[in-house]
Amino acid sequence: PNSSEKLPNIQIGDQNIMMVGGTGACSRRKSKNNKKPKKNIEAPDRPITDAECDTISENLGRDYKKFSRKMGFKEVQIEQIEMDYRDEGHYEITYQLLRKLRNLGKDKLQDVVDTLQMIEREDILEELNII
């Protein structure tokens with residue numbers, strides 16, 4: 001077809017979505033060009049609470065891998081927890097990763113806040129009433 005011909009949109013399957021051109025209204029991530037400068041958020045010097053673990057687990061979703069890597073987990077550790085809890089979903093995988101952080105003594109609230117900022121999940125910090 002020549003370049004001036006308009007091709008039809010085709011969908012194969014009932015769960016596939018393809019956005020052609022533009023930024024798309026269904027994207028929940030902000031464009032990298034619209035980044036706000038990160039503000040330094042001071043958090044209390046304490047471990048995360050059970051309630052905070054629950055809130056993070058409820059909201060982190062598929063970003064649990066990115067979060068876990070930034071928190072210092074090795075790939076093999078993440079994969080082991082994924083295998084153990086794969087049938088339970090993202091909530092349980094995230095909760096177990098946070099539990100492992102607590103057992104290792106690496107669950108300082110400031111580290112969690114910094115990591116959530118790094119992976120651009122300030123929405124969770126708002127849920128935690130930190131910002």
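Colleague: What is the mean pLDDT of the protein chain?

Modeller: The pLDDT is the predictor's confidence in each residue, from 0 to 100. For the protein chain its mean is 83, and 71% of the residues reach 70 or more. Over residues 24–34, however, the pLDDT is below 50, and beyond near neighbours in sequence this stretch has 9 contacts in the model. A contact means heavy atoms within 4.5 Å. Where pLDDT is low, the predicted coordinates should not be read in detail.

Colleague: Which elements make up the secondary structure of the protein chain?

Modeller: The protein chain has 6 helices and 0 strands, and from the N terminus on its elements run α-α-α-α-α-α. Helices (H or I, at least four residues) and strands (E, at least two) are DSSP runs, numbered from the N terminus.

Colleague: Why is Ser68 called buried?

Modeller: Buried means under 20% relative accessible area, exposed means over 50%, and partly exposed is in between (1.4 Å probe, protein chains only). Ser68 has a relative accessible area of 1%, so Ser68 is buried. Ser68 lies in helix H2 and touches Phe73, Ile78 and Leu97, not counting residues up to four places away in sequence. Of the 131 residues of the protein chain, 29% count as buried.

Colleague: And what makes Leu116 buried?

Modeller: The relative accessible area of Leu116 is 0%, so Leu116 is buried too. Leu116 is found in helix H5, and among the residues it touches are Leu60, Phe67 and Leu125. Leu116 and Ile56 are 60 residues apart along the chain, and their C-alpha atoms are separated by 9.5 Å.

Colleague: Which residues of helix H1 are buried?

Modeller: In H1, residues 50–60, the buried ones are Glu52, Cys53, Thr55, Ile56, Ser57 and Leu60. These residues pack against helix H2 (64–70), helix H4 (90–104), helix H5 (109–118) and helix H6 (122–127).

Colleague: Why are H1 and H4 called oblique to each other?

Modeller: Axes are lines fitted to C-alpha atoms, for helices over the stretch in contact, and angles run from 0 to 180 degrees between N-to-C directions. Angles under 35 degrees count as roughly parallel, over 145 as roughly antiparallel, 65 to 115 as roughly perpendicular and the rest as oblique. H1 and H4 pack at an angle of about 140 degrees, with their axes 8 Å apart, and the pair is therefore oblique. The residues in contact include Cys53 and Ile56 of H1 and Tyr91 and Leu98 of H4.

Colleague: What makes H3 oblique to H4?

Modeller: Helix H3, residues 75–85, and H4 pack at an angle of about 130 degrees, with their axes 9 Å apart. That angle makes H3 oblique to H4. Among the residues making this contact are Ile78 and Ile81 of H3 and Ile93 and Leu97 of H4.

Colleague: How many aromatic pairs does the structure hold, and why is the pair called stacked?

Modeller: There is 1 aromatic pair. The rings of Tyr91 and Tyr95 have their centres 6.0 Å apart and their planes at 15 degrees, so the pair is stacked. Rings of Phe, Tyr and Trp (its six-membered ring) pair if their centres lie within 6.5 Å, and planes under 30 degrees apart count as stacked, over 60 as edge-to-face and the rest as tilted. Tyr91 and Tyr95 are 4 residues apart in helix H4, so about one helical turn separates them. Tyr91, at 31% relative accessibility, counts as partly exposed, and so does Tyr95, at 22%.

Colleague: How do you know that Asn129 is exposed?

Modeller: Its relative accessible area is 67%, so Asn129 counts as exposed. Asn129 is found in the segment after H6 and has a positive phi of about 60 degrees although it is not a glycine. Most residues other than glycine have a negative phi.

Technical notes. Residues numbered from 1 in each chain as written. Predicted model: local features only at pLDDT ≥ 70, side-chain atom pairs only at ≥ 80, totals over all residues. Heavy atoms only, no water.
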